[in-house]
Amino acid sequence: MNHLDPEAERDAEPAGTGRLREALAAAAYDVTPSRVPLAAVERRGRLLRRRRRTTVLGAGCAVLLAPLAFVTLHGPDDGDRVTRPAATVSASPAPSASPTAPAPTPRVVEPGERVTAAPGFVLWLTEDGKHWTTPDMPEGQFKSVVDGNIDRTRPGVSLQTEGTDGRVLVSGVYYGGEGTASVVEVASEDGPVRGRLLELPGRPGWGVWYAVARSEVGTTVTVRDTEGRVYATLP
C-alpha cells in the first residue's frame, strides 16, 4: 500500500484554490472594524442597574409596610381590647290580665213586680215579704219577713220546695248577713245548683232567692257575698 505525505497532499491542491485563499486573506487585512458604541452600552447598563435597584427597593418597602398595614387595620389596642357585652334586650312587659268581671249583685225589683222563674213559677216581693205561685198552687203563697218568725238581725236563709213536670222549684228568703249578697247555691243529687237573687230598692236587709233543679234537692243552701264569703247558710 502507498502512503502519501500530507505535505505532498497540500502541494497537490489545485493552484486555483491557493490563489483564492490568498485573495481572501488580503481582503480581510484591508477591512477596518467599526468603533464599539461605548456610550450606548454604558447608558444601557445604567438603565438596567436602575431598574434592578427600583425592583429591590419596591420589594423591601412591601416587606416593611406589611406589618404596618396589619397594625393599622387591627388598631394598637387590639391585644388589650375588652369585649363589650352585647346590648341587653329588655323583655316586653307581659300584658296585664284583663280585669275580672265584678261579682253579680241581686236584681232590684219594684214592690209587686212579677218575675217568672219557670212556666207557672212566678215570684214578687212586697215590703212585708215574699209571694209566689206554682203550677199546682196558682192562687199563690206568702212568706212574711215582719211577723217575727225570722230574726233579721242574724244571718239566715229559708227553703221552700215544689216539684212539677220533672222539675224541682226551690226558693226562699235570705236575711241578716254582712256585705252584699251575690250568689246562692243549693245542693242536689246532680251537684250544686246556682240560683238568682231578688231584692227591693234601698237595701232592706233581706231578699228572695230561687232556682230550678232537674233532680231532687237537699236541705243545704249557701248564700255568698260579692267577696266570696258566706252571707247566710242553711242548715
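Reader: Which residue in S10 is the bridge partner of Val 108?

Author: Glu 199 is the partner of Val 108 in this predicted model. The pairing belongs to strand S1, residues 107-108, and S10. These two strands run in the parallel sense and share two bridges.

Reader: Where does S10 lie, and is it mostly covered or open?

Author: S10 spans residues 193-199. Five of its seven residues are buried, so the strand is mostly covered, with buried meaning under 20% relative accessible area.

Reader: In which sense do S9 and S10 run, and how many bridges join them?

Author: S9, residues 181-188, runs antiparallel to S10. Three bridges join the two strands. Within S10, Arg 194 stands opposite Glu 185. The strands form a hairpin with four residues between them. Gly 191 there takes a positive phi near 110°.

Reader: What joins S10 to S11?

Author: Three bridges, again with an antiparallel run. S11 covers residues 206-213. Look at Arg 196: Tyr 210 in S11 is the residue opposite. This pair of strands is a hairpin too, with six residues between them. Gly 202 sits in that turn and has a positive phi of about 85°.

Reader: How should I read side chains along a strand?

Author: In a regular strand, side chains alternate between the two faces of the sheet.

Reader: Which strands form the open sheet, and in what order?

Author: The order is S2-S3-S4-S5, with antiparallel pairing. Strand S2 (115-118) and strand S5 (137-144) stand at the edges. Each has a single partner strand, so one side of each lacks a neighbour in the sheet. Neighbouring strands here are turned by 25° against each other on average, direction ignored.

Reader: How many bridges do S4 and S5 share?

Author: Five, in the antiparallel sense. S4 is residues 129-134.

Reader: Over the face of which ring does Arg 114 lie?

Author: Over that of Trp 124. The distance to the ring centre is 3.7 Å.

Reader: How do I describe a pair of aromatic rings?

Author: Use the distance of the centres and the angle of the planes. A search of the whole structure finds one aromatic pair. The rings are those of Tyr 174 and Tyr 231, with centres 5.8 Å apart and planes at 80°, so the pair is edge-to-face. The cut-off for that label is an angle over 60 degrees.

Reader: Which parts of the chain does the pair link?

Author: Distant ones. Tyr 174 is in strand S8, residues 167-175, and Tyr 231 is in strand S13, residues 230-234. They are 57 residues apart.

Reader: Is Tyr 174 buried or exposed?

Author: Tyr 174 is buried, and so is Tyr 231.

Reader: What does Gly 156 touch?

Author: Val 173, Tyr 174, Tyr 175 and Ala 232, leaving out residues up to four places away in sequence. Gly 156 belongs to strand S6, residues 156-157. Its relative accessible area is 7%, so Gly 156 is buried. Now take Trp 206, which is 50 residues from Gly 156 along the chain. The C-alpha atoms of these two residues are separated by 9.5 Å.

Reader: How many salt bridges does the count come to?

Author: Three, with a cut-off of 4 Å between side-chain nitrogen and carboxyl oxygen. One joins Glu 113 and Arg 107, whose closest N and O atoms are 3.4 Å apart. Glu 113 is partly exposed at 29% relative accessible area. Arg 107 is partly exposed as well, at 42%.

Reader: Which residue forms a salt bridge with Arg 194?

Author: Glu 185, with the closest N and O atoms 3.5 Å apart. Arg 194 has a relative accessible area of 55%, so Arg 194 is exposed. Glu 185 has 33% and is partly exposed.

Reader: Is Asp 225 buried or exposed?

Author: Asp 225 is buried, with a relative accessible area of 4%. Asp 225 forms a salt bridge with Arg 229, and their closest N and O atoms are 3.1 Å apart. Arg 229 counts as exposed, at 52% relative accessibility.

Definitions and conventions:
Residues are numbered from 1 along each chain as its sequence is written. This is a predicted model: local features need pLDDT of at least 70, side-chain atom pairs count only at pLDDT 80 or more; totals for chains, interfaces and linings use all residues. Side-chain values use heavy atoms; hydrogens and water are left out. Buried means under 20% relative accessible area, exposed over 50%, partly exposed in between (1.4 Å probe, protein chains only). Two strands pair if DSSP finds at least two bridges between them. Rings of Phe, Tyr and Trp (its six-membered ring) pair if their centres lie within 6.5 Å; planes under 30 degrees apart count as stacked, over 60 as edge-to-face and the rest as tilted. A charge sits over a ring if NZ of Lys or CZ of Arg is within 6 Å of the ring centre and within 35 degrees of the ring normal. Axes are lines fitted to C-alpha atoms, for helices over the stretch in contact, and angles run from 0 to 180 degrees between N-to-C directions. Contact means heavy atoms within 4.5 Å.
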